[in-house]
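Here's a quick briefing to read with the structure open beside you.

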Amino acid sequence: MNLLGKVHDLSDILKILRDSAKMKILIAVFLLLASFYIQCGNPAKNDNPIIDDVVAPDSIQKGIPDSSFASVRASDPQGLDDIYAVYYVVTKPDGTSNGIKFPLFDDGQGYDSTSGDGIYSTAIAAPLITSQTGNFTFSFAAVDRKGSTSNVINKIIKAYDSPVISLPYGEFNLPQRTELLASAKVNDAQGQNTIDSVWLDLTYQDSGRFIGSFKLNDLGINGDDIAADSIYSANIISPDLMFSIGTYVLAFQAIDNDGHRALVSTRILVLQ
């Protein structure tokens, strides 16, 4: 069989040889590009930033003034300079979200310890006391300067209620100065029967001396007038037989059966 096909003269042979050479060149170029593609991988998959190692609290007490630390490690095949932003989006327990992208920073300021180390950090503010209770989903991600988005890591943070202390009150028994009547109203979103304990930390401010912790009750005894009215009270007798003239700090505290503590409610009491 004639592999060159039907040949009438020398020009036909030369044409076939030229076409065959072009085909070999095209095949060689194709194989070279394919090899390069395989070695480098798919650019569409490799260019995206990557995040991992999310650090965030498992739960946050609603209404507290403190913030919680959160961080995530981010990287990019083109280097950290190619990362445009690292952020999280919050979804509430009812499944709704405002879509706001809260940024994390790698600038060595605020909650971030070291600039340019690829660890992006931020402070997560506690939900308001009026906000929803339950599991909030924090979705962490990063985006590069081309708009390519990284993988998304979801972190569940539970927002929980705690007892609320109001109407802190204290008065000394005058003129004897041997007793201190203290009381405070304590409520809990789960119901009054969920309160584990209420107490008062008493400090003599003039000398910085901590006098002690004293339990308050809602049983209608030891200074408490009415049982089960959410007013916890105690008639505190001075361990020194008499309270000294000066300024006292009354720090009312409470904890529920789940171990959730109330915000400390402080009252200054001056004995003259």
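Thr194 sits in the loop between β10 and β11, in a model that is predicted rather than solved: local features need pLDDT of at least 70, side-chain atom pairs count only at pLDDT 80 or more, and totals for chains, interfaces and linings use all residues. Residues are numbered from 1 along each chain as its sequence is written, and side-chain values use heavy atoms, with hydrogens and water left out. Helices (H or I, at least four residues) and strands (E, at least two) are DSSP runs, numbered from the N terminus.

**Around Thr194**
- Leaving aside residues up to four places away in sequence, Thr194 touches Asp188, Asp256 and Asn257 (contact means heavy atoms within 4.5 Å).
- The side chains of Thr194 and Asp188 are joined by a polar contact of 2.5 Å; that term covers a pair of N or O atoms within 3.5 Å where, within protein, one must be able to donate a hydrogen and the other to accept it, and residues adjacent in sequence count only if both atoms are side-chain atoms.
- Thr194 and Pro163 are 31 residues apart in sequence, and C-alpha to C-alpha they are 9.0 Å apart in space.

**Around His260**
- Pro163 also turns up among the contacts of His260, along with Tyr160, Asp161, Ser162, Ala254 and Ile255, again not counting residues up to four places away in sequence.
- His260 lies in the loop between β14 and β15 (265-271).
- At 17% relative accessibility, His260 counts as buried (buried means under 20% relative accessible area, exposed over 50%, partly exposed in between, with a 1.4 Å probe and protein chains only).
- A polar atom of the His260 side chain lies 3.1 Å from the backbone oxygen of Asp161.

**Aromatic pairs**
- Searching the whole structure turns up 8 aromatic pairs; rings of Phe, Tyr and Trp (its six-membered ring) pair if their centres lie within 6.5 Å, with planes under 30 degrees apart counted as stacked, over 60 as edge-to-face and the rest as tilted.
- Tyr204 and Tyr248 make a tilted pair, because their ring centres are 4.9 Å apart and their planes are at 45°.
- Tyr204 is in strand β11 (residues 195-204) and Tyr248 in strand β14 (residues 246-256), so this pair ties together parts that are 44 residues apart in sequence.
- Tyr204 counts as buried at 15% relative accessibility, and Tyr248 counts as buried at 1%.
- One aromatic cluster is formed by Tyr88, Phe102, Phe138 and Phe140.

**Nonpolar cores**
- The largest nonpolar core has 24 residues, of which Leu180, Tyr248, Leu250 and Phe252 touch the most other members; a core is a set of buried Ala, Val, Leu, Ile, Met, Phe, Trp, Tyr and Cys residues joined through side-chain atoms within 4.5 Å.
- Strands giving two or more residues to this core include β9 (164-172), β10 (179-187) and β12 (209-216).
- Strand β11 supplies the largest share of this core, 5 residues.
- Ala56, Ile64, Val72 and Tyr88 are among the 21 residues of a second, separate core.
- Leu180 has contacts that include Phe172, Leu202, Ile236, Leu250 and Leu269.

**Whole protein**
- The protein has 2 helices and 15 strands.
- Buried residues make up 35% of its 272 residues.
- Of the contacts between residues at least 6 apart in sequence, 59% join residues at least 24 apart.
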